[in-house]
Amino acid sequence: MKNLYYYDTPIGRLGIAEENGSITNLYFHGENIPEQDYQLNETPLLKDAGRQLEEYFAGTRKDFSLPLAPKGTNFMSEVWEALKRIPYGETRSYKDIAEEVGNAKACRAVGMANNRNPIAIFIPCHRVIGTNGSLIGYGGGLDTKVLLLKLETKYK
(Lines give C-alpha, C1' and ligand atoms only; values in the text may rest on other atoms or scores of the structure.)
Protein backbone atom coordinates (compact mmCIF):
# COMPACT_ATOMS: atom_id res chain seq x y z
CA MET A 1 0.00 0.00 0.00
CA LYS A 2 1.24 3.49 -0.85
CA ASN A 3 0.79 6.18 1.79
CA LEU A 4 1.10 9.95 1.52
CA TYR A 5 1.05 12.67 4.14
CA TYR A 6 1.58 16.43 4.04
CA TYR A 7 3.81 18.56 6.24
CA ASP A 8 4.02 22.34 6.46
CA THR A 9 7.61 23.56 6.20
CA PRO A 10 9.40 26.89 5.71
CA ILE A 11 9.44 26.17 1.96
CA GLY A 12 5.74 25.34 1.76
CA ARG A 13 3.64 22.25 2.12
CA LEU A 14 5.51 19.06 1.25
CA GLY A 15 3.99 15.67 0.53
CA ILE A 16 6.01 12.66 1.58
CA ALA A 17 5.15 9.21 0.24
CA GLU A 18 6.11 5.76 1.42
CA GLU A 19 5.57 2.27 0.20
CA ASN A 20 6.58 -1.03 1.77
CA GLY A 21 8.42 0.62 4.62
CA SER A 22 10.55 3.04 2.57
CA ILE A 23 10.25 6.69 1.52
CA THR A 24 9.65 6.80 -2.24
CA ASN A 25 8.78 10.41 -3.04
CA LEU A 26 8.81 13.98 -1.79
CA TYR A 27 6.40 16.36 -3.51
CA PHE A 28 6.78 20.14 -3.45
CA HIS A 29 3.77 22.43 -3.01
CA GLY A 30 2.04 22.76 -6.36
CA GLU A 31 3.66 19.68 -7.86
CA ASN A 32 1.36 17.26 -9.64
CA ILE A 33 0.78 14.34 -7.28
CA PRO A 34 -0.91 11.17 -8.56
CA GLU A 35 -3.11 11.11 -5.46
CA GLN A 36 -5.23 8.25 -6.77
CA ASP A 37 -2.14 6.10 -6.25
CA TYR A 38 -1.95 6.95 -2.55
CA GLN A 39 -3.90 6.64 0.64
CA LEU A 40 -3.74 9.75 2.84
CA ASN A 41 -2.27 8.17 5.95
CA GLU A 42 0.43 9.31 8.38
CA THR A 43 2.29 6.08 9.02
CA PRO A 44 4.95 5.91 11.75
CA LEU A 45 7.62 6.15 9.03
CA LEU A 46 6.04 9.27 7.51
CA LYS A 47 5.71 10.82 10.96
CA ASP A 48 9.42 10.17 11.53
CA ALA A 49 10.25 11.67 8.11
CA GLY A 50 8.19 14.75 8.96
CA ARG A 51 9.99 15.08 12.31
CA GLN A 52 13.38 14.75 10.66
CA LEU A 53 12.44 17.42 8.11
CA GLU A 54 11.37 19.72 10.93
CA GLU A 55 14.73 19.17 12.64
CA TYR A 56 16.54 19.82 9.35
CA PHE A 57 14.77 23.17 8.89
CA ALA A 58 15.53 24.06 12.53
CA GLY A 59 19.22 23.42 11.86
CA THR A 60 19.48 20.56 14.36
CA ARG A 61 19.66 17.71 11.82
CA LYS A 62 22.37 17.43 9.21
CA ASP A 63 21.85 13.84 8.07
CA PHE A 64 18.66 11.90 7.52
CA SER A 65 18.25 8.36 8.80
CA LEU A 66 15.37 7.00 6.80
CA PRO A 67 14.94 4.01 4.51
CA LEU A 68 14.81 5.48 0.99
CA ALA A 69 13.65 3.63 -2.12
CA PRO A 70 13.77 5.94 -5.15
CA LYS A 71 12.85 4.31 -8.44
CA GLY A 72 15.15 4.86 -11.40
CA THR A 73 17.79 3.34 -13.63
CA ASN A 74 21.06 1.93 -12.30
CA PHE A 75 22.85 5.10 -13.42
CA MET A 76 20.30 7.29 -11.63
CA SER A 77 20.74 5.22 -8.48
CA GLU A 78 24.52 5.68 -8.65
CA VAL A 79 24.06 9.44 -8.99
CA TRP A 80 21.58 9.57 -6.12
CA GLU A 81 24.00 7.64 -3.90
CA ALA A 82 26.72 10.15 -4.81
CA LEU A 83 24.38 13.02 -3.89
CA LYS A 84 23.82 11.51 -0.45
CA ARG A 85 27.58 11.65 0.12
CA ILE A 86 27.77 15.43 -0.40
CA PRO A 87 28.37 16.81 3.11
CA TYR A 88 25.83 19.12 4.69
CA GLY A 89 26.58 22.73 3.85
CA GLU A 90 28.75 21.89 0.85
CA THR A 91 28.12 21.79 -2.89
CA ARG A 92 29.45 19.79 -5.82
CA SER A 93 29.27 20.44 -9.53
CA TYR A 94 27.57 18.18 -12.06
CA LYS A 95 31.10 17.41 -13.32
CA ASP A 96 32.22 16.40 -9.81
CA ILE A 97 29.33 13.95 -9.57
CA ALA A 98 29.98 12.60 -13.08
CA GLU A 99 33.59 11.93 -12.10
CA GLU A 100 32.51 10.30 -8.85
CA VAL A 101 30.25 7.84 -10.67
CA GLY A 102 33.06 7.00 -13.08
CA ASN A 103 32.13 8.91 -16.23
CA ALA A 104 33.60 12.42 -16.37
CA LYS A 105 31.77 13.15 -19.63
CA ALA A 106 28.33 12.31 -18.23
CA CYS A 107 27.56 15.80 -16.88
CA ARG A 108 24.27 16.04 -18.78
CA ALA A 109 23.22 12.56 -17.71
CA VAL A 110 24.01 13.53 -14.11
CA GLY A 111 21.86 16.63 -14.60
CA MET A 112 18.98 14.47 -15.85
CA ALA A 113 19.34 12.05 -12.92
CA ASN A 114 19.43 15.03 -10.57
CA ASN A 115 16.27 16.37 -12.20
CA ARG A 116 14.51 13.03 -11.80
CA ASN A 117 15.40 12.61 -8.13
CA PRO A 118 12.03 11.66 -6.59
CA ILE A 119 13.11 12.29 -2.99
CA ALA A 120 14.56 15.81 -2.96
CA ILE A 121 16.01 17.14 0.30
CA PHE A 122 16.41 13.61 1.70
CA ILE A 123 18.59 12.96 -1.36
CA PRO A 124 20.18 16.43 -1.48
CA CYS A 125 20.11 17.34 -5.17
CA HIS A 126 19.97 21.01 -4.10
CA ARG A 127 23.70 20.70 -3.29
CA VAL A 128 24.59 20.30 -6.98
CA ILE A 129 25.54 23.46 -8.86
CA GLY A 130 27.10 24.43 -12.16
CA THR A 131 30.88 24.16 -12.57
CA ASN A 132 31.06 27.97 -12.58
CA GLY A 133 29.12 28.15 -9.31
CA SER A 134 25.79 28.99 -10.92
CA LEU A 135 22.57 27.64 -9.50
CA ILE A 136 21.03 25.50 -12.19
CA GLY A 137 17.43 24.34 -11.90
CA TYR A 138 15.65 22.73 -9.00
CA GLY A 139 12.34 20.86 -8.84
CA GLY A 140 11.14 23.06 -6.00
CA GLY A 141 12.26 26.22 -7.82
CA LEU A 142 15.51 28.17 -7.63
CA ASP A 143 14.22 30.22 -4.69
CA THR A 144 13.84 27.00 -2.72
CA LYS A 145 17.31 25.84 -3.74
CA VAL A 146 18.78 29.16 -2.54
CA LEU A 147 16.88 28.87 0.76
CA LEU A 148 18.12 25.31 1.37
CA LEU A 149 21.73 26.22 0.59
CA LYS A 150 21.55 29.30 2.84
CA LEU A 151 19.99 27.23 5.62
CA GLU A 152 22.81 24.71 5.46
CA THR A 153 25.46 27.46 5.34
CA LYS A 154 23.90 29.10 8.40
CA TYR A 155 23.89 25.93 10.49
CA LYS A 156 27.07 24.33 9.13
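## Reading the fold of a predicted chain

Student: This is a predicted model, so where do I start with the contacts?

Tutor: Look at how far apart in sequence the partners lie. Among contacts between residues at least 6 apart in sequence, 59% join residues at least 24 apart.

Student: And which secondary structure elements does the chain have?

Tutor: Count helices and strands, then read their order. Here you get five helices and six strands. Starting at the N terminus, the order is β-β-β-β-α-α-β-α-α-β-α. The radius of gyration is 15 Å, close to the 15 Å from the globule rule for 156 residues, so the chain is as compact as a globular protein of that length.

Student: What box do the C-alpha atoms fill?

Tutor: Take it along the principal axes: roughly 40 × 35 × 25 Å.

Student: How much of the chain is buried?

Tutor: Buried here means under 20% relative accessible area. Buried residues make up 45% of the 156 residues. As for the accessible surface, it comes to about 8200 Å², and carbon and sulfur atoms own 48% of that.

Student: What about charge? How far apart are the mean positions of the positive and negative charges?

Tutor: Compare the two mean positions. The chain has 19 positive and 19 negative charges, and their mean positions are 5 Å apart.

Student: Which residues does UniProt list for a domain?

Tutor: The unreviewed UniProt entry lists residues 6-70 as "domain: Methylguanine DNA methyltransferase ribonuclease-like".

Conventions: Residues numbered from 1 in each chain as written. Predicted model: local features only at pLDDT ≥ 70, side-chain atom pairs only at ≥ 80, totals over all residues. Heavy atoms only, no water. UniProt positions renumbered as here; feature names shortened; annotations may be inferred. Helix = DSSP H or I, 4+ residues; strand = E, 2+ residues; numbered from the N terminus. Rg over C-alpha atoms; globule rule 2.2 N^0.38 Å. Buried < 20%, exposed > 50% of the residue type's maximum accessible area, 1.4 Å probe, protein only. Contact = heavy atoms within 4.5 Å. Areas by Shrake-Rupley, 256 points an atom, 1.4 Å probe, with all protein chains shown as cover. Lys, Arg positive; Asp, Glu negative; His and termini not counted. Charge placed at Lys NZ, Arg CZ, Asp CG, Glu CD.
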